[in-house]
Amino acid sequence: MRRTLALTTAAAVLAGLGATAYATTPAADRTKPVPRPLAGLRILLSNDDSMRAAKASNSDGLGLYELRRAMCAAGADVVVMAPWQVQSGKGTAVTNGGVLTAQRRTALPAGYENDCAGAPSGGAVFGVCLGEGGCAPDSPSATPADTVKLALRGGLTAKVGWRGAPDLVLTGINSGPNIAASVNDSGTVGAAVAAVDQDVPAIAFSSSGDESQLYFPRENYRAHAGFGARFVAGLKERGLLTSAFALKVDYPDVSAGQRAGAPVWTRVGDGAVVYHAYEQRGSGDAFDITLGLCEGDESEGECVENRADADSTWLLGEGHVTVAPITWDRTYGTPVDARRELKAVQRYVEREAPRP
C-alpha cells in the first residue's frame with residue numbers, strides 16, 4: 001500500500017528518510033574527575049537541518065545542539081559549520097560559484113549556551129549562507145557538502161585558527177532516519193561523504209521521529225547523542241577513526257520509553273521507505289511534488305526490501321541502532337581497499353560497541 005502527502009506537510013519525512021538524561025553529580029562525588037574520553041579530539045560538526053533549532057517540530061537543527069553538547073561533555077573541541085537554512089534532500093550537491101558567508105551565531109538556543117564553554121574553540125557555531133554582506137533571515141543557504149568543504153579548505157583556519165584538518169567530522173543528528181533509498185538524497189550523508197572525500201574520518205547520525213515521523217522528540221536526539229559520544233570514544237580508543245569510509249548511524253524512536261536495541265551492522269536497504277511522487281495539475285504542464293510513503297505490505301515495486309540485513313528492516317522493524325559503511329566510490333564491483341579496517345569496525349559494532 002502506498003500513500004502520498006503534500007511536500008509541505010511531510011517534508012520532515014523526506015529529511016532523512018538519545019532517552020538518556022544528563023545526570024546531576026551527587027555532592028559526595030563532585031570531587032571525582034569527570035571522564036573525558038574525547039579530550040584533545042577536534043570535531044567539525046555539520047548537518048542538513050540548519051543551525052536554527054527554532055521549529056516546534058524540532059526538525060531544523062535541534063539534534064545538532066544535542067550532539068554538540070554530548071561531544072563537548074566528553075572533552076572534544078567542537079566547531080559547528082552548518083547550512084543557514086534547512087537543506088534536507090540535497091545529497092552531495094555543491095554550489096559552483098558566487099560567495100559563501102560563514103556567520104557566527106552569538107545567541108544560541110535556550111539551554112545550550114554554555115555546553116562547550118570550556119572547549120578551546122568555545123563551541124563556536126557558524127551558519128553558512130550564499131552571498132556577501134552578512135546572512136539575513138531569508139538568505140539562501142549553502143548546501144551541507146558546501147559547509148564541510150568550506151570548513152576543511154580554509155574556513156576553520158580563518159574563523160577559529162585551526163591548523164590542519166579536524167580529527168573527525170560529524171553530521172547530524174538528522175531529523176528522521178537516513179535509510180534505504182533515501183540515503184542517496186540525504187544531505188546528512190552527503191556532508192559525511194564530502195569529509196572522507198578529503199581524507200577526514202566522518203560519521204553521519206540520524207534519529208527517528210515519533211510514530212508520525214513529523215515530530216522529532218528531544219528524547220530521541222539526546223539518547224542518540226549520548227550513545228554517539230560513547231560510540232566515538234570506542235572507535236578512538238581502538239584506533240578505528242578511519243577516512244577509508246564513512247559510517248552511517250541511525251537511532252530508533254525511544255520517545256515512549258522503549259529501549260533501543262543493540263547496534264547492528266547493516267547494509268543500506270535496496271527498497272524505499274519514502275519516494276518522490278509527481279501529480280499533474282489537470283492536463284497542464286505543472287506537476288505537484290509530493291512524497292510517497294511505503295506502508296510495508298507491498299509485494300512488488302520500489303517499496304519492496306530484498307536485503308535481510310537492510311538498515312530499514314533493523315531500524316524500523318526491530319528497533320535497533322543501525323550502522324552501515326558508506327563510501328564516495330560509486331564504481332560498481334570495485335575492490336574494497338580497506339578490508340582490514342572495515343572488518344575491524346564491523347567487529348567493534350557487533351561485539352564491543354556501547355549498548356543504548
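Reply: Here is a look at strand E7 and the elements around it.

This is a predicted model, in which local features need pLDDT of at least 70 and side-chain atom pairs count only at pLDDT 80 or more, while totals for chains, interfaces and linings use all residues. Residues are numbered from 1 along each chain as its sequence is written, and side-chain values use heavy atoms, leaving out hydrogens and water.

Strand E7 covers residues 202–207; helices (H or I, at least four residues) and strands (E, at least two) are DSSP runs, numbered from the N terminus. Six of its six residues are buried, so E7 is largely enclosed by the rest of the structure. Buried means under 20% relative accessible area, with a 1.4 Å probe and protein chains only. In a regular strand the side chains alternate between the two faces of the sheet. Here Ala202, Ala204 and Ser206 are buried on one side, and Ile203, Phe205 and Ser207 are buried on the other.

Now for the neighbours. E7 pairs with strand E6 (168–175) in the parallel sense over five bridges; two strands pair if DSSP finds at least two bridges between them. Within this pairing, Ser206 of E7 is the bridge partner of Asn174. E7 is also joined by five bridges to strand E8 (residues 246–251), again running parallel, and there Ile203 has Leu247 as its bridge partner. From E7 the chain crosses through helix H5 (residues 218–237) to E8, in a β-α-β crossover that is left-handed.

Terms used. Contact = heavy atoms within 4.5 Å. Buried < 20%, exposed > 50% of the residue type's maximum accessible area, 1.4 Å probe, protein only. Right-handed = clockwise from strand over helix to strand, strands pointing away.
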